[in-house]
Amino acid sequence: MKKSIRIAALILALILCAGLFTGCAKGRKVGPYRVEQNDIRNTEIYPYIVRTPHATWYLAQADIDLLGEETFYRELGEVLTEQEADFADAIDALKDYLSGDIPTVEIWTDFAGRTENGKAAYFGAYCIWDMDLIYVYHDFQYAKSNLLHEYVHYLTHKCCSFKLNTDFWSESIAEYISEFVCYNRLSHSVLTEELREMYRQYGLTDANGEPEKRKVYYAWAAQARAGELIGMQYLSVDQRDMTLTEAQVRNPGIGALTYFEACCFFEWLIGRYGEAFVYSHMAIGPERFEEVFGKDFNTLFSEWTADNDAWCAENLKMPEGAGD
Ligand SMILES: [Zn+2]
C-alpha cells in the first residue's frame with residue numbers, strides 16, 4: 001500500500017515537473033522575440049515556436065535537451081539577431097525579382113541524432129523548397145555557416161520571378177547572393193581566428209581588416225584551376241563527393257564545379273552579360289550556352305579562368321591553401 005502511494009506520488013511529481021518545464025519555456029524571451037506554444041503542427045516533437053519578421057522557428061524538445069535550455073536559447077538568440085539583418089539584405093539584393101510580401105520561411109531544428117545522416121552530415125542548414133522549409137542540423141554554430149545560402153534558395157525557388165533548372169544555377173546564385181552581394185554576418189561570425197589570421201596575412205581582407213569572401217573565393221578558385229589542389233576532396237555543385245583530378249582541371253564539367261568556382265564564374269557572367277540577362281536565362285542547361293551567351297560553356301569558363309588569374313596576380317599575394 002505504502003509503496004503504491006510512493007509510486008503514485010512520484011508519477012504526480014513527474015507530471016507536475018513536466019508541466020513546470022513547459023511553462024518555463026513558453027513565454028520566454030529570445031532577444032526581442034517570444035517563445036510560443038506550437039499549436040500549428042508536429043507539436044509533440046516540436047512543442048515551441050519563435051516567430052520573427054522573416055521566419056518561424058520550430059524548436060524540437062530533443063534539441064533543447066541536447067544543448068541544455070540556457071545554451072539553446074542563448075545561441076538561438078544570437079542567430080535570430082544576425083538572421084533578421086542577413087535575410088533583409090538578401091531580399092534587398094533580389095528586390096527587382098520579388099513581388100508582394102515575402103512569406104516567412106519555416107526553420108526546423110534537427111540537431112539530435114542527425115549528424116551522420118544524408119544531407120545532415122554535410123550541411124549546417126538545408127532548404128527543402130518543395131516544402132517551404134529549412135532544416136538546421138548539428139547545432140546553431142554549424143547552421144550559421146550556410147543558413148543565408150539556404151534562405152537564398154528559398155527566395156530564388158519560391159518567391160522570385162525567374163526560373164532555375166540546374167544545380168549549377170541554383171548553387172551559383174545562392175552562393176553569389178549570400179557571400180558576395182550580402183555581407184553575411186552569420187557566416188562571418190563562425191570564421192575561426194586561425195582562418196581570419198591567414199586571410200589577413202595574405203591580404204584577403206576588406207578595408208576594416210575583416211575577411212573578404214570575394215577575395216578568398218577568387219584566390220581559392222585560381223588555385224583549383226591552376227591544378228594546385230589536385231587530390232582535394234570536395235562537394236560539387238550537383239552534390240556529389242568528388243576528388244579534384246587533372247582531367248577535371250583540363251576539362252571541367254559544369255556540375256562538377258566547386259561552389260567557389262561556380263560563384264566566381266556566375267559573378268563574371270553577370271559582369272559580362274548583365275544581371276537581368278543572366279537571371280532571365282537560368283532555365284537552360286550547358287548545351288544551350290552557345291545559343292544564349294554566344295559561346296559554349298568550356299570557352300566561357302576558360303575566359304573567366306584567365307581573367308581571374310590575371311586579377312589575382314595583380315591584386316593578391318596568392319596564398320597557399322586559402323580555401324582549406
Ligand atoms: Zn545550396
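**Figure 1. Burial of helix H10 in the predicted model.** Helix H10 (residues 213–225) is largely enclosed by the rest of the structure, because 12 of its 13 residues are buried. The structure shown is a predicted model. The buried residues of H10 are Lys 213, Lys 215, Val 216, Tyr 217, Tyr 218, Ala 219, Trp 220, Ala 221, Ala 222, Gln 223, Ala 224 and Arg 225. Their packing partners are H7, helix H9 (193–201), helix H11 (246–250), helix H12 (259–273) and helix H15 (297–315). After H10 comes Gly 227, with a positive phi near 80°.

Figure 2. Seven strands form an open sheet with mixed pairing, in the order E1-E2-E3-E4-E5-E7-E6. Strand E1 (29–30) and strand E6 (125–128) stand at the edges; each has a single partner strand, so one side of each is left without a neighbour in the sheet. Strand E6 pairs with strand E7 (residues 133–137) in the antiparallel sense, over 4 bridges. Within this pair, Tyr 126 stands opposite Tyr 135 in E7. Helix H6 (residues 147–159) packs on the sheet, where it touches strand E5 (105–110), E6 and E7. The direction of H6 makes about 5° with that of E6.

**Figure 3. Helix H6 and its covered residues.** Helix H6 is mostly covered, with 10 of its 13 residues buried. The buried residues of H6 are Leu 147, Leu 148, His 149, Glu 150, Tyr 151, Val 152, His 153, Tyr 154, Leu 155 and Thr 156. From its first C-alpha to its last, H6 reaches 17 Å, close to the 18 Å expected at 1.5 Å a residue.

Figure 4. The largest nonpolar core has 74 residues, of which Ala 90, Ile 134 and Tyr 151 touch the most other members. Domain 1 (25–161) and domain 2 (163–324) both give residues to this core, so it lies between them. In soluble globular proteins, nonpolar side chains tend to be buried together. When neighbours within four places in sequence are left aside, Ala 90 is in contact with Leu 148, Tyr 151, Val 152, Leu 155, Ile 177, Ser 178 and Cys 182.

Figure 5. Ala 143 belongs to helix H5 (residues 140–144). Ala 143 is buried, because 28 other C-beta atoms lie within 10 Å. Leaving aside neighbours within four places in sequence, Ala 143 is in contact with Val 79, Gly 124, Ala 125, Val 136, Tyr 137 and His 138. The C-alpha atoms of Ala 143 and Phe 111 are 9.9 Å apart, and the two residues are 32 residues apart in sequence.

Figure 6. Asn 184 lies in the loop between helix H7 (167–181) and helix H8 (185–189). Phi of Asn 184 is positive, near 60°, although the residue is not a glycine. Most residues other than glycine have a negative phi. Asn 184 counts as buried, because it has 24 C-beta neighbours inside 10 Å. Not counting residues up to four places away in sequence, Asn 184 touches Asp 86, Leu 148, Ser 178 and Glu 179. Asn 184 and Ala 85 are 99 residues apart along the chain, with their C-alpha atoms separated by 8.8 Å.

**Figure 7. Gln 239, a partly exposed loop residue with positive phi.** Gln 239 is placed in the loop between strand E8 (233–235) and strand E9 (241–243). The phi of Gln 239 is positive, about 65°, in a residue that is not a glycine. With 13 other C-beta atoms within 10 Å, Gln 239 is partly exposed.

**Figure 8. Overview of the whole protein.** The secondary structure of the protein comprises 15 helices and 9 strands. Of its 324 residues, 34% count as buried. Among contacts between residues at least 6 apart in sequence, 59% join residues at least 24 apart.

Note on methods. Residues are numbered from 1 along each chain as its sequence is written. This is a predicted model: local features need pLDDT of at least 70, side-chain atom pairs count only at pLDDT 80 or more; totals for chains, interfaces and linings use all residues. A nonpolar core is a set of buried Ala, Val, Leu, Ile, Met, Phe, Trp, Tyr and Cys residues joined through C-beta atoms within 7 Å. A residue is buried if 20 or more other C-beta atoms lie within 10 Å of its own, exposed if 12 or fewer, and partly exposed in between; C-beta atoms are placed from the backbone. Domain bounds come from an automatic or database domain assignment. Two residues are in contact if their C-beta atoms, placed from the backbone, lie within 7 Å. Helices (H or I, at least four residues) and strands (E, at least two) are DSSP runs, numbered from the N terminus. Two strands pair if DSSP finds at least two bridges between them. Axes are lines fitted to C-alpha atoms, for helices over the stretch in contact, and angles run from 0 to 180 degrees between N-to-C directions. The expected span of a helix is 1.5 Å times one less than its number of residues.
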